[in-house]
Amino acid sequence: MFGRSKAFSGFAVDDIDKARSFYGETLGLDVTEDDGLLRLHLGGGADVLVYPRPGHTPAAFTVLNFPVDDIEAAVDELGRRGVRIERYPGFDADERGIHRGDGGPTVAWFTDPAGNILSVLQETPPTPA
């Protein structure tokens, strides 16, 4: 039924101006605004809608993942841009806050100004046989 739909995802924030600055300036995404709504134009061609919501409660899960080739470089650059890497119970992390292992990607989480959880992740290289 929706196989050919150009679906997109979206999430809420409490302050559209702070979101525009964070996603556009801090993270360097192409951001457009129309009628108080933001569109994040991602590298893969997809768009994500960011909309204001009074009484916003941050998502308790990751709303946006950014695949990277070098997670250490990405985490270091986020730090230089004033972004703090988060640590979550049950996910061991190294000194940079990077979680490695469990058979999944290597990942580091951070939040936007509204408290929504984002991540940078790098696919874990295969283990030699």
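In what follows, Ala, Val, Leu, Ile, Met, Phe, Trp, Tyr, Cys and Pro count as nonpolar, Asp, Glu, Lys and Arg count as charged, and the others, Gly among them, count as polar. The model is predicted, and by these classes the lining of its largest pocket has 8 nonpolar, 1 polar and 2 charged residues.

**The largest pocket**
- The volume of the largest pocket is about 200 Å³, and the elements that give two or more residues to its lining are β5 (62-67) and α2 (71-80).
- With 3 residues, α2 gives the most to this lining.
- The residues that line the pocket include Thr26, Leu27, Phe66, Pro67, Glu77, Arg81, Phe110 and Val120.

**The largest nonpolar core**
- The largest nonpolar core has 28 residues, of which Tyr23, Leu27, Phe110 and Val120 touch the most other members.
- Two or more residues of this core come from each of β1 (9-13), α1 (16-26), β3 (37-41), β4 (47-52), β5, α2, β7 (106-111) and β8 (117-122).
- In soluble globular proteins, nonpolar side chains tend to be buried together.

**The helix α2**
- Within α2, the buried residues are Ile71, Ala74, Val75 and Leu78.
- These buried residues line one face of the helix, because they fall within an arc of 95° when α2 is seen down its axis.
- An α-helix has 3.6 residues a turn, so residues three or four places apart point the same way.
- The buried residues of α2 pack against β6 (85-86), β7 and β8.

Definitions and conventions: Residues are numbered from 1 along each chain as its sequence is written. This is a predicted model: local features need pLDDT of at least 70, side-chain atom pairs count only at pLDDT 80 or more; totals for chains, interfaces and linings use all residues. Side-chain values use heavy atoms; hydrogens and water are left out. On a 1 Å grid over the protein atoms alone, a cavity is a set of points where a 1.4 Å probe fits but cannot get out, and a pocket is an open set with protein on both sides within 12 Å along at least five of seven lines; lining residues have an atom within 4 Å of a point. Grid points are joined across faces, edges and corners, and a volume is the space filled by probe spheres set on the points. Helices (H or I, at least four residues) and strands (E, at least two) are DSSP runs, numbered from the N terminus. A nonpolar core is a set of buried Ala, Val, Leu, Ile, Met, Phe, Trp, Tyr and Cys residues joined through side-chain atoms within 4.5 Å. Buried means under 20% relative accessible area, exposed over 50%, partly exposed in between (1.4 Å probe, protein chains only). The arc is that of the directions from the helix axis to the C-beta atoms. Contact means heavy atoms within 4.5 Å.
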